[in-house]
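Let's walk through this protein together, one stop at a time.

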Amino acid sequence: MKAVWIMATNPAVSLPASSEVRKALDKCELVIVSDCMRKKDTTHDADVLLPAQTWGERDGTVTNSERCISRQRPFIEQAGEARPDWWIVSQVANRMGYSDNFDYQDAAEIFKEHARLSGFHNDGSRDFDISGLSALTDDEYNSLEPIQWPVISAETAGTKRMFTNRHFFTDSGKARFILVEDKQPAKSLSQDYPFILNTGRVRDHWHTMTRTSKSPRLSMHTNEPYVEIYPGDAAEKKLEDNQLALVTSEYGQVVVRVKTSEGQKQGNLFIPIHWSDQYSAKATVDQLVAANTDPVSGQPEFKYTPVTIKPYKATWYGFVVSKRELNIKGYDYWTRTNCKNTVCYEIAGLAEKDNWSKEARELLCAESDQPEWIEYFDPAQNRYRAARIDNGKLDSCIFVGPDSDLPDRNWLMDLFAEESLEDNDRVNILSGKSAVTMPDTGPVVCSCFSVGMNTIKQAIEDQDMASVEQIGLALRAGTNCGSCKPEIQKIIDETLNAQPMLKVVK
């Protein structure tokens, strides 16, 4: 293959055997990428970048999984030189000498041609037929109401339910069943690879995080790649919560944070798909997955990869919080997250550092900078902490220790929003704790209103709350997008079950 044109997808991360995909893109003579994002893993290999419109800028139609065609209208102005995909394709085709076939002026023309083609030589032989929409005027197209295909006549209002006439789109008119034989995965578990790796999404991220990572609110719920493992399996492999682990298959390896869970099936591991080389050093999970596909659906085996897991024995652990994006990629382990007011990095290394003071200054300061610099170093414990202050404002800080037991980041992140540091805060920066006792709200559960787990637990215990609706009324959690409601219900169940039973004595 000498040329490839990639539109609105990120195959350098999302395809199985992603390391091999990267190698193939590197060798390809011409890689063209149409996308709304300038920086992502696939654009790294692009020879030509074409700026495509985002979802909110597009004008056209969308069809959902229940066959409903809806008019999509832009709600923001297109940015810079961004253009619709159809326009980009047409312009390239024109320059290749196909102007007669690609002389479209707008999305309406393309939709109406699409409608005509759906009815071409159809006569009821194919289920998809929207030829009834092929004669729409521009005004009718612009005011098109949602409608479900098939739409075979301009006089019909679409088809809400198919096959009510018991006729299927086959030569006989009868339904055809496909006999599917039970087929085992391409690779079986073995002594070397005794665990089944499953991959999938987390609640607040989407695909390869090219857009959701920009939102601190979405990133706060799950801010680091992890491997979820059954507690018994973790104990057997000498893994502990919040420790780093090395997960290896025949095809590659990743380093991720350990998260034990009773909800994980014994012998199974789960790793999210979202993190790539943009956001972590070694967390592109699809490089572990082989390019084996199902013979019927063509779907790769994303849900079954034999792997092994063991502790990743870092010598030191740390984190960096900064107002600026830093060049953090020299560390053995790192992740990057857009947090409130800041960019947050988790870091770890296999070898000891000779001079943490020099290391920290090189990371947080340019040679010409003259910031206020405060630091603390305990060589016996290998603990180092430093902060850069510019014009009375906290600019960045670094915390390093021999294990992952490091201060909570939330209070530090709040300091970055301050116009000037109070004396008490300045004194306590390197402790990582406020001088004033502040409630620990816990991990974020409701991203919409930044409600933490501990806040929800406290409300359940103090106010005798026993439903998601009660939590919503008291804390607003779960009252906006609603995606956190299952997690809130789980917290309610666990908290109530943990409370001691009261015995009434008469």
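Where does P150 lie? P150 sits in the loop between strand 6 (147-148) and strand 7 (195-200); helices and strands here are DSSP runs, H or I of at least four residues for helices and E of at least two for strands, numbered from the N terminus. The peptide bond that leads from W149 into P150 is cis, its omega being near 0°.

Before going further, a word on what you are looking at. This is a predicted model, in which local features need pLDDT of at least 70 and side-chain atom pairs count only at pLDDT 80 or more, while totals for chains, interfaces and linings use all residues. Residues are numbered from 1 along each chain as its sequence is written, and side-chain values use heavy atoms, with hydrogens and water left out.

Now step back to the whole protein. Its C-alpha trace spans about 80 × 80 × 50 Å along the principal axes, and the protein has 13 helices and 20 strands. Of its 506 residues, 42% count as buried; buried means under 20% relative accessible area, exposed means over 50%, and partly exposed lies in between (1.4 Å probe, protein chains only). Take the contacts (heavy atoms within 4.5 Å) with a separation of 6 or more: residues 24 or more positions apart account for 59% of them.

With that overview, let's visit some loops. In the loop between strand 3 (48-51) and strand 4 (60-63) you will find Q53. Q53 counts as buried because its relative accessibility is 5%. Its side chain joins that of Q78 through a polar contact of 2.6 Å. Such a contact is a pair of N or O atoms within 3.5 Å; within protein, one atom must be able to donate a hydrogen and the other to accept it, and residues adjacent in sequence count only if both atoms are side-chain atoms. Setting aside neighbours within four places in sequence, Q53 touches C36, R58, Q78, A82, R83 and P84.

Further along, R67 is in the loop between strand 4 and strand 5 (68-72). R67 is not a glycine, yet it has a positive phi of about 70°. With 14% relative accessibility, R67 counts as buried. What is phi of D123 near? For D123 the value is near 50°, again positive in a residue other than glycine. D123 belongs to the loop between helix 4 (107-119) and helix 5 (138-142), and its relative accessible area of 78% makes D123 exposed.

Next comes Y251, in the loop between strand 9 (244-248) and strand 10 (253-260). Is Y251 buried, exposed or partly exposed? At a relative accessible area of 37%, Y251 is partly exposed. Neighbours within four places in sequence aside, its contacts are K187, Q287, L288, V289 and A290. From Y251 to Y345 there are 94 residues in sequence and 27 Å in space, C-alpha to C-alpha.

S450 is exposed, at 56% relative accessibility. S450 and H167 are 283 residues apart in sequence, and their C-alpha atoms are 52 Å apart in space.

Let's finish with helix packing. Two packed helices are described by the angle between their axes and the distance between the axes. Here the axes are lines fitted to C-alpha atoms, for helices over the stretch in contact, and angles run from 0 to 180 degrees between N-to-C directions.

How do helix 11 (residues 453-463) and helix 13 (residues 485-498) meet, and at what angle do they cross? Their axes come within 10 Å and cross at roughly 50°. Helix 11 and helix 13 are therefore oblique to each other; under 35 degrees counts as roughly parallel, over 145 as roughly antiparallel, 65 to 115 as roughly perpendicular, and the rest as oblique. M453, I456, K457, I460 and E461 of helix 11 make the contact with I488, I491, I492, T495 and L496 of helix 13.

Helix 11 also meets helix 12 (residues 468-475), with axes that come within 11 Å and cross at roughly 105°. On the helix 11 side the contact is made by T455, I456, A459, I460 and Q463, and on the helix 12 side by I471, A474 and L475.
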